[in-house]
Amino acid sequence: MSTHDRLLIIDFGSQVTQLIARRLRELNVYCEIHPYQNVDDAFLTSFAPKAIIFSGGPDSVTRAGSPRPPANAFTLGVPILGICYGQQVMMQELGGLVESGHGTAEFGRAKVTESGTKLPLLDGWFTNGPEQVWMSHGDHVSRLAPGFEVYGTSPGAPFAITADVARNFFAVQFHPEVHHTPRGAQLYKNFVTLAGFTGDWSMASYREEAIAKIRAQVGDKKVICGLSGGVDSSVAAVLIHEAIGDQLTCVFVDHGLLRLNEAEEVVKMFRDTYNIPLIHADEAELFLGELDGVSDPETKRKIIGRLFIDVFQKYAGEIEGAEYLAQGTLYPDVIESVSFSGGPSVTIKSHHNVGGLPEKMGLKLVEPLRELFKDEVRALGRELGLPASFISRHPFPGPGLAIRCPGEITREKLDILRKADAVYLDQIRKHGLYDDIWQAFAAILPMRTVGVMGDGRTYDYALGLRAVTSVDGMTADYYPFTHDFLGETATRIINEVRGINRVFYDCTSKPPGTIELE
């Protein structure tokens with residue numbers, strides 16, 4: 001258990017609960033997320049939080065049996081901040097009233113206007129008039145609980161910001177954790193300052209605590225790490241190796257769906273640079289054979305996931321006494337697959353590396369990055385001394401090029417895609433744009449188009465280019481390349497990569513799209 005002052009986030013199922021934790025980590029505040037059903041009076045006493053945050057959630061407090069915090073939360077004498085559903089449940093539990101409907105739902109951007117006296121929680125707010133916030137609520141507070149006053153209103157939320165200053169209870173109807181609330185970080189900073197946090201948690205301390213947890217969990221047993229060659233699994237491998245040394249063996253599954261020269265680079269880095277025991281499982285023929293003729297994206301993921309397990313079972317047998325499987329699973333993987341920490345969030349899509357592996361492989365799971373976002377993993381990688389050029393690499397999906405090849409996968413299409421993707425990334429680096437972009441890649445589209453090259457007619461594949469900016473991968477905007485850049489890049493690809501005669505650029509943001517095509 002951490003020795004830092006701790007803030008408890010009680011999760012009522014919001015898809016963005018982990019963003020709350022991320023905002024707090026940026027302030028060097030140690031926090032943990034626990035689903036409401038796991039938090040009872042005994043847990044609160046044991047956890048001894050210095051402050052509590054109630055997250056948002058998809059339910060309605062007007063529904064019988066909807067999620068509630070333990071009654072003891074309000075009698076601990078610590079500051080509490082309620083967000084969206086968290087505000088509503090606070091009001092309902094303390095004697096206020098929440099209602100549904102009546103035309104007061106708000107979804108998306110809204111303006112909150114200051115009302116009442118100055119509130120320390122809002123230091124730095126309303127300096128230039130109303131503040132933009134992000135709303136997502138159908139219910140609304142219609143009567144404040146005794147002791148609360150209103151400090152901000154919006155068109156659909158007459159009690160958008162409320163507080164009982166005497167008890168240090170604060171509640172907001174909007175989501176300050178998302179980037180669509182520009183001064184949300186300031187609100188969290190004010191809250192933890194009011195609660196007396198000193199900001200004594202950092203990635204250096206996370207590293208120390210993670211190593212201690214790994215050692216305590218694993219003991220003298222052996223661990224197999226599923227190494228993809230991406231930043232996530234690589235940081236996990238180096239961290240675990242620092243904790244337990246040669247008790248760790250990495251299994252690099254080469255499924256034939258990697259980028260140009262990537263397999264060779266991974267093997268060289270881990271065997272030569274870090275001297276980490278590594279098995280190179282070259283199973284490209286197996287994966288590509290099973291994927292032959294498959295076009296449905298979810299079926300592709302499931303095939304890759306199944307084969308990933310099969311390959312691990314095969315090579316795990318070569319490591320005598322291995323009892324643990326290590327993965328570089330991150331929070332965005334978890335929240336899109338299953339509810340975080342057992343909370344009531346909604347499933348969006350499956351991920352091949354989340355869930356099921358320990359049971360099917362007979363190995364216990366080690367996931368030291370499970371509660372981190374990508375930028376936090378990079379910070380941990382820097383803390384561990386990994387090369388900056390490697391740490392800054394764009395995210396790469398576990399299923400690899402399989403989901404950048406919509407429709408059926410063939411070796412010919414993969415070869416074309418690897419070469420085109422390499423040219424595209426080379427262009428981005430040459431123009432000094434790589435570090436401004438969260439993720440960039442090419443995708444070979446399931447269509448052929450007519451073209452003219454020299455005096456001849458061509459009938460070749462079309463290529464889609466994708467580049468997005470993001471902070472955490474949960475939302476993303478397309479990168480605004482200049483037309484000159486796009487024209488130059490398209491010309492290079494068509495001239496240098498045989499099999500491509502047309503190039504498109506994807507201008508879709510997330511949402512409504514996802515970052516990957518499949």
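**A buried histidine, and onwards**

Tutor: H34 counts as buried, because its relative accessibility is 18% and the cut-off for buried is under 20%. Keep in mind that this is a predicted model.

Student: Where does H34 lie?

Tutor: H34 is part of strand 2, which covers residues 30–35.

Student: And what does H34 touch?

Tutor: Leaving out residues up to four places away in sequence, H34 touches L8, I9, I10, D11, V39, F43 and F47.

Student: Next, helix 4. Which of its residues are buried?

Tutor: Helix 4 runs over residues 184–194, and G184, L187, Y188, N190, F191 and V192 are buried in it. As background, an α-helix has 3.6 residues a turn, so residues three or four places apart point the same way.

Student: What do the buried residues of helix 4 pack against?

Tutor: They pack against strand 1 (6–11), helix 1 (17–26), strand 3, strand 4 (80–83) and strand 11 (169–172).

Student: What follows helix 4?

Tutor: G196 follows helix 4, and its phi is positive, near 90 degrees.

Student: Which residues other than glycine have a positive phi?

Tutor: A48 is one of them, with phi near 50 degrees. N261 also has a positive phi, near 65 degrees. For context, most residues other than glycine have a negative phi.

Student: Where are A48 and N261?

Tutor: A48 sits in the loop between helix 2 (41–47) and strand 3 (51–54). N261 is in the loop between strand 13 (248–254) and helix 7 (262–273).

Student: Changing topic: which peptide bonds are cis?

Tutor: A cis peptide bond joins K510 and P511, with omega about -15 degrees. The bond from P511 to P512 is also cis, and its omega is near 15 degrees. In general, most peptide bonds are trans.

Student: Now helix pairs. How do helix 5 and helix 6 cross?

Tutor: The axes of helix 5 (residues 203–218) and helix 6 come within 9 Å and cross at roughly 65 degrees. The crossing is right-handed.

Student: Which residues make that contact?

Tutor: Helix 5 contributes R207, A210, I211, I214, R215 and V218, and helix 6 contributes L239, I240, E242, A243 and I244. By class, the contact has 8 nonpolar, no polar and 3 charged residues.

Student: What about helix 14 and helix 15?

Tutor: Helix 14 (residues 411–430) and helix 15 (residues 483–496) have axes that come within 10 Å and cross at roughly 145 degrees. This crossing is right-handed. On the helix 14 side the residues are A420, V423, Y424, D426, Q427, I428 and K430, and they meet F485, E488, T489, R492, I493 and E496 in helix 15. Those residues divide into 6 nonpolar, 2 polar and 5 charged.

Student: Which residues touch the most other members of the largest nonpolar core?

Tutor: Y424, I428 and F481 do, in a core of 97 residues. Helix 6 (residues 231–244) gives the most to this core, with 9 residues. There is also a second, separate core of 36 residues, which includes L7, V29, L121 and F174.

Student: Back to F481. What is it in contact with?

Tutor: Apart from its neighbours within four places in sequence, F481 is in contact with Y424, I428, L433, I437, A467, L486 and Y505.

Student: Last one, S115. Where is it, and what does it touch?

Tutor: S115 is in the loop between strand 6 (106–114) and strand 7 (131–137). Not counting residues up to four places away in sequence, S115 touches V150, Y151, G152 and T153. A polar atom of the S115 side chain lies 3.4 Å from the backbone nitrogen of G152.

Definitions and conventions
Residues are numbered from 1 along each chain as its sequence is written. This is a predicted model: local features need pLDDT of at least 70, side-chain atom pairs count only at pLDDT 80 or more; totals for chains, interfaces and linings use all residues. Side-chain values use heavy atoms; hydrogens and water are left out. Axes are lines fitted to C-alpha atoms, for helices over the stretch in contact, and angles run from 0 to 180 degrees between N-to-C directions. Helices (H or I, at least four residues) and strands (E, at least two) are DSSP runs, numbered from the N terminus. A crossing is left-handed if the near helix is turned anticlockwise from the far one by less than a right angle, and right-handed if clockwise. Contact means heavy atoms within 4.5 Å. Ala, Val, Leu, Ile, Met, Phe, Trp, Tyr, Cys and Pro count as nonpolar, Asp, Glu, Lys and Arg as charged, and the others, Gly among them, as polar. A nonpolar core is a set of buried Ala, Val, Leu, Ile, Met, Phe, Trp, Tyr and Cys residues joined through side-chain atoms within 4.5 Å. Buried means under 20% relative accessible area, exposed over 50%, partly exposed in between (1.4 Å probe, protein chains only). A polar contact is a pair of N or O atoms within 3.5 Å; within protein, one must be able to donate a hydrogen and the other to accept it, and residues adjacent in sequence count only if both atoms are side-chain atoms.
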